[in-house]
Amino acid sequence: MWYLCGLGSNIDPVNNLPRALDSLVRRLGRLRVSPVVVTRPQGIDTERDFLNALVVLQSPLPVAALKAWFNRIEAELGRDRSDPDSSRKDRPIDIDILEVSEHGPLTGDAVEEDYFRRLLEGRVRPDEVRRVALGDGRLGEATATVHWDHGTGHEIVVDQRQGLLDHTFETAFPGQ
């Protein structure tokens, strides 16, 4: 299954967003990651800005199992998922499934958040983009494919300079 996911953090986001991406790529082997953008909070009462990114990934897990794993990652990074108000509070990480496709391609049509729509449509202003470290690489300015090298135990960031959902997506993942 192919998934389009949204990630956001407003508690230590420069460290927590890469930690979440690291957890994802270690288990899944590779991801396509959008530019990282800073956004004002929406729907919560806080002054802390968010760092947000979109991720395209492939997983054999069904939606419910993947979301359960995402919730475990959120808890490992300090989010209290048992708090009934957790969706209205600051968070170290939030990972949401925005779209699912059994065979692809993903379209992004169901994405409602303006900041994610602008990422999908390439309408991000340079002053909104932030760079974050991931392993020995840097993410942030352009869509990148991140591979996990099981032999060395390192992430390899490959700058693709392609759209997140463009038609060549699968070619970035040889052997899939």
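Begin by selecting L164, which is buried, with a relative accessible area of 6%; buried means under 20% relative accessible area, exposed over 50%, and partly exposed in between (1.4 Å probe, protein chains only). The model is predicted: local features need pLDDT of at least 70, side-chain atom pairs count only at pLDDT 80 or more, and totals for chains, interfaces and linings use all residues. Residues are numbered from 1 along each chain as its sequence is written, and side-chain values use heavy atoms, with hydrogens and water left out.

L164 is found in the segment after β10 (154-159). Helices (H or I, at least four residues) and strands (E, at least two) are DSSP runs, numbered from the N terminus.

Next, select D94, in strand β5 (residues 94-101). D94 is also counted as buried, because its relative accessible area is 13%. Display the side chains of D94 and R79, which are joined by a polar contact of 2.8 Å. A polar contact is a pair of N or O atoms within 3.5 Å; within protein, one must be able to donate a hydrogen and the other to accept it, and residues adjacent in sequence count only if both atoms are side-chain atoms. Apart from neighbours within four places in sequence, D94 is in contact (heavy atoms within 4.5 Å) with G6, L7, G8, E74, R79 and R81.

Finally, select D12, in the loop between β1 (2-9) and α1 (13-28). D12 counts as partly exposed because its relative accessibility is 40%. Although D12 is not a glycine, its phi is positive, at about 45 degrees.
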